[in-house]
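Visitor: I would like to go through this structure one residue and one element at a time. Please define the terms as they come up.

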Amino acid sequence: MTDYKYYWEVLSRIKRPIFSITTNQIPNMSTLSLESYMSYGLGSCPAGRVLSHVPCTNTSSQGSRTSPCSNDGLLGCSQCSLVKYCSGRCQRQHWSKHSLDCEHPLLSSEWQPDWITENRLPLFTNSRSLQSSSSIEVYKNTGHLPYDCLQLPHNEGTNSLGQNFKICFTAASDIRNLIETINSLPAGYSGRIDVLLNNSNAIVLNRMLVVLCTLLSPGPSIEESAELAMHLMYSANLPETGANYMRHCVNVIYGQELNDGEMSFQTTLKTRGRGKLYSAQPAASIKRPLGMFSSTYGLAKANENLHGTLQNPLRIDDKHRVLATLRPAHRLALCRFWKTGVLAPFSLDLAHFKHPNRLMFTPQGEWLGGNCDISPLHGWDISAISRAGVKHGLDPTGDVLGCLFFYIKAELREFSTRIKELNVNIHLLQYDSRLLSKGISIGVLPAFSDASFDRVDLGDMTDQIGVAECLADWGPLLNKQNKDACVLMHSKRWHEDMPGAIARDNPRTLQMLMERCESVPSLNAKLKNLFMRPQTPSLVQLMSSLDAFVDHEEAFSQYLRTQEAEATGASLGLRLRQTNHVHSKRVGIPLHATCQKLPNLSKDEFYDLFTIGGADLAVRFAEFEIASFAI
């Protein structure tokens, strides 16, 4: 669709504001923005409306057309807790269709994986290792929750409300930590924030750029933009208007053709607020992502490749290994996502999602998801997701992915609102981190010409190039005037060259567990059958959870010594923090619990964080501060 036709479509959607009918009061006209009068039709509903309530699941047929009920869902199915209806009549009419889900074998508490029912050993084909930040795969599991990298209450404190901050994410795999940081700013904050997001992979970086442009550009309402941005991040298919608006954003970002011989691509985009969205990349790097975003393959080809991975029968054991750890209704919710590729409430009719999300496919239509057992829930706070779902009338014990839909949308909406109100500039760069640090140190980037960051988040970059080299590159760029400035890192792979450092990689773990149980007669009988069949889902889950009871701190300290982390830091005037101020040393421990070594979680909390939330028990965090302030 050309820009001319696109804008005529937008103008055709101008509508009168809907006023309150309960108070008979018309709002002050001076307070209404242009967004109040316009809809771009970027929502998830069939008519392009945004989804603010759970819809009724029933559909009606008129000839060859099927139309969803237009009412909100009020009555939940008591058996599966996955769908809602506006009335008992709609529920009865829809039973012939819903019974296929409501009586699905996955909802039975007696369900077992195929390798158990077929009495064979499982054939697991992936190592379940966490992807690196530069991986182009969609639905990457970071192994931890999004975090606020400023944590002002634990650092600069309440006196910093007018202070300016400069933050660098040297290996940002997505925008979640950025969103959490901005959304966590205290009320009354009035300073300026400059954020540098870097990733050496052009596809990862430009995905983030398109999502941020869609979310933060003036025009559509914040509600609409947040809903579309959520789909760009998590849905393989899009409604037509959303797909067209994404193409419009691509044209805004990359529309100006590069002249022959130009070495770099640069763009500056307006946001809803005072800040700007900047990007600078090597000109050659944008060719492949631009080829993805401008591709022309159809939905059929995209879905064929999507389902070829997600429904691969040769990897059924990998999927069943995930499903075996989940509660019954969560199993079916995740299977529906694997089938549709769209993140939405279970009740939503998806027939109008007829266009591929070109951020997730190669220029030839091949899906950029590596595993068949992916989950959009990985890396999110399930307890917060559940609260968001309840607020919108969902039951998190059932439609947990519908809860995730409303939660991510709310987070994106809050982020966009804060960008509108605050002075935040976001710089997206696509360079090798070692070259980037040298460029910043000599003043190549005007916004960071003083080479003085208040936080440098290395992400998992130390797993790729080593701790000492990362510190040598980025340690000198800390703000020497800020006693709370720090370099933050986390490692997913620190234990790979240390046999036995973690329980799940220790070949003697199962044997030691059996010996320990044999020494306790009261447990022996109960667990004997379990150890006789080491492929049972319960034992597989137990083995993956053992690191919750193992303190890795000494082993991780040994890893840091072999990496010469403390010696390198000392040569740069940095010191390893004994108590972290930004993120706890391991996942599952509150930041303020400085003496706690192991997660202290209830059964439900463990399920939320590690089982369905996908957090990794072996991920470790470390922080380095300026030594002169640490004395």
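Visitor: Which residues does Ser295 touch, not counting residues up to four places away in sequence?
Guide: Contact here means heavy atoms within 4.5 Å. With residues up to four places away in sequence not counted, Ser295 touches Arg247, Arg358 and Pro363.

Visitor: At what pLDDT do side-chain atom pairs count?
Guide: Residues are numbered from 1 along each chain as its sequence is written, and side-chain values use heavy atoms, with hydrogens and water left out. This is a predicted model, in which totals for chains, interfaces and linings use all residues, local features need pLDDT of at least 70, and side-chain atom pairs count only at pLDDT 80 or more.

Visitor: Is Ser295 buried or exposed?
Guide: Ser295 is found in the loop between helix H8 (287–293) and helix H9 (299–310); helices (H or I, at least four residues) and strands (E, at least two) are DSSP runs, numbered from the N terminus. Buried means under 20% relative accessible area, exposed over 50%, and partly exposed in between (1.4 Å probe, protein chains only). The relative accessible area of Ser295 is 5%, so Ser295 is buried.

Visitor: With which side chain does the side chain of Ser295 make a polar contact?
Guide: A polar contact is a pair of N or O atoms within 3.5 Å; within protein, one must be able to donate a hydrogen and the other to accept it, and residues adjacent in sequence count only if both atoms are side-chain atoms. At 3.2 Å, the partner of the Ser295 side chain is the side chain of Arg358.

Visitor: Which backbone nitrogen does the side chain of Thr340 reach?
Guide: Thr340 is placed in helix H11 (residues 328–340). Not counting residues up to four places away in sequence, Thr340 touches Asn237, Leu306 and Leu350. At 3.2 Å, the Thr340 side chain reaches the backbone nitrogen of Val342.

Visitor: How many residues of strand S5 are buried?
Guide: Phe165, Ile167 and Phe169 point one way from S5, while Lys166 and Cys168 point the other way, and all are buried. Strand S5 (residues 165–169) is thus mostly covered, and the buried count is five of its five residues.

Visitor: What is the handedness of the crossover from S5 to S6?
Guide: Two strands pair if DSSP finds at least two bridges between them; S5 and strand S6 (residues 192–198) run parallel and are joined by five bridges. In S6, Val195 is the bridge partner of Ile167. A crossover is right-handed if, with the strands pointing away from the viewer, the path from the first strand over the helix to the second runs clockwise. Between S5 and S6 the chain passes through helix H4 (residues 176–183), and this β-α-β crossover is right-handed.

Visitor: Which residue in S12 stands opposite Phe169?
Guide: S5 also pairs with strand S12 (residues 455–457), in the parallel sense and over three bridges. In S12, the residue opposite Phe169 is Asp457.

Visitor: Which residue in S11 stands opposite Leu277?
Guide: Strand S8 (residues 264–270) and strand S9 (residues 276–282) run antiparallel, joined by seven bridges, and form a hairpin with five residues between them. S9 pairs with S11 as well, in the parallel sense over four bridges. There, opposite Leu277, stands Ile426.

Visitor: How many residues are in the largest nonpolar core?
Guide: A nonpolar core is a set of buried Ala, Val, Leu, Ile, Met, Phe, Trp, Tyr and Cys residues joined through side-chain atoms within 4.5 Å. Leaving aside neighbours within four places in sequence, Ile426 is in contact with residues including Val195, Leu212, Leu277 and Phe415. Ile193, Leu212, Phe415 and Ile426 touch the most other members of the largest core, whose residues number 134.

Visitor: What arc do the buried residues of H14 cover?
Guide: In helix H14 (residues 433–441), the residues Ser433, Leu436, Ser437, Gly439 and Ile440 are buried. They lie on the same side of H14, because their arc around the axis is only 160°. The arc is that of the directions from the helix axis to the C-beta atoms; for these residues, the value is 160°.

Visitor: Which residue caps the N-terminal end of H14?
Guide: The buried residues of H14 pack against S6, strand S11 (423–429), helix H15 (462–465) and helix H16 (467–474). At the N-terminal end, a side-chain oxygen lies 2.9 Å from the backbone nitrogen of Arg434, and the capping residue is Asp432.

Visitor: What is the phi of Asn119?
Guide: Most residues other than glycine have a negative phi. Asn119 is found in the loop between helix H3 (114–117) and S5, and counts as exposed at 62% relative accessibility. Although Asn119 is not a glycine, its phi is positive, at about 55°.
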